[in-house]
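Work through the exercises below with the model open beside you. Try each task before reading its solution.

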Amino acid sequence: MNIFNSISSPITWQDHFGISWADWNRMHYLLSLVPFNHMFSVEENDFITENIKLYSKVRMELQDLDRKSTRLNSSHVKR
């Protein structure tokens, strides 16, 4: 018996968090360059400016899940 038969399609990262996986992951990568004084291109800077609020909101949601021990694996996407 498949308990997931009632789910018509899987819920995607975009569906759940409102930001695509690719955009969230790109933000995570770009922000990891900040401590190294990376000189962002105009396009990168615009991308960060457009996505920082939503990225930050999702990051806080993930941290809350970690604190509540809700996520099965709390490993970071990139280090």
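Predicted model: local features only at pLDDT ≥ 70, side-chain atom pairs only at ≥ 80, totals over all residues.

Residues are numbered from 1 along each chain as its sequence is written, and side-chain values use heavy atoms, with hydrogens and water left out.

**Exercise 1. The overall layout**

Task: State how many helices and strands the protein has, and describe its burial and surface.

Solution: 
- Step 1. Count the elements. The protein has three helices and zero strands. Helices are DSSP runs of H or I with at least four residues, strands are runs of E with at least two, and numbering starts at the N terminus.
- Step 2. Read along the sequence. The pattern is α-α-α.
- Step 3. Check burial. Of the 79 residues, 19% count as buried. Buried means under 20% relative accessible area, exposed means over 50%, and partly exposed lies in between (1.4 Å probe, protein chains only).
- Step 4. Take the surface. The accessible surface is about 6400 Å², and 57% of it belongs to carbon and sulfur atoms. These areas come from the Shrake-Rupley method with a 1.4 Å probe; for residues, only the protein chains shown count as cover.
- Step 5. Look at contact range. Among contacts with a separation of 6 or more, 56% join residues 24 or more positions apart. Contact means heavy atoms within 4.5 Å.

**Exercise 2. How H2 meets H3**

Task: Determine at what angle H2 and H3 pack, and which residues meet.

Solution: 
- Step 1. Get the geometry. H2 and H3 pack at about 105°, with axes 8 Å apart. Axes are lines fitted to C-alpha atoms, for helices over the stretch in contact, and angles run from 0 to 180 degrees between N-to-C directions.
- Step 2. Classify the angle. H2 and H3 are therefore roughly perpendicular. That class covers 65 to 115 degrees; under 35 counts as roughly parallel, over 145 as roughly antiparallel, and the rest as oblique.
- Step 3. List the partners. H2 contributes residues including Asp23, Trp24, Met27 and Leu31, and H3 contributes residues including Phe47, Asn51, Tyr55 and Leu62.
- Step 4. Follow one residue across. Leaving aside neighbours within four places in sequence, tyrosine 55 contacts Ile19, Trp24, Met27, His28 and Leu31.

**Exercise 3. Salt bridges**

Task: Find the three salt bridges and locate each pair.

Solution: 
- Step 1. Side chains of opposite charge can pair when their charged atoms come close. Here a salt bridge is a side-chain nitrogen of Lys or Arg within 4 Å of a carboxyl oxygen of Asp or Glu.
- Step 2. Start between helices. Arginine 26 and glutamate 43 pair at 2.7 Å, N to O. Arginine 26 lies in H2 (residues 21–32) and glutamate 43 in H3 (residues 42–67), 17 residues apart. Arginine 26 is partly exposed at 28%, and glutamate 43 is partly exposed at 45%.
- Step 3. Glutamate 61 and lysine 57 pair at 2.8 Å. They are four residues apart, about one turn of the helix.
- Step 4. Finish with aspartate 64 and arginine 67, which pair at 2.3 Å. They sit three residues apart in H3, about one helical turn. Aspartate 64 is partly exposed at 32%, whereas arginine 67 is exposed at 61%.

**Exercise 4. Two residues up close**

Solution: 
- Step 1. Take asparagine 51 in H3.
- Step 2. Take tryptophan 13 in H1 (residues 13–17).
- Step 3. Tryptophan 13 and tryptophan 24 are eleven residues apart in sequence and 9.3 Å apart in space, C-alpha to C-alpha.
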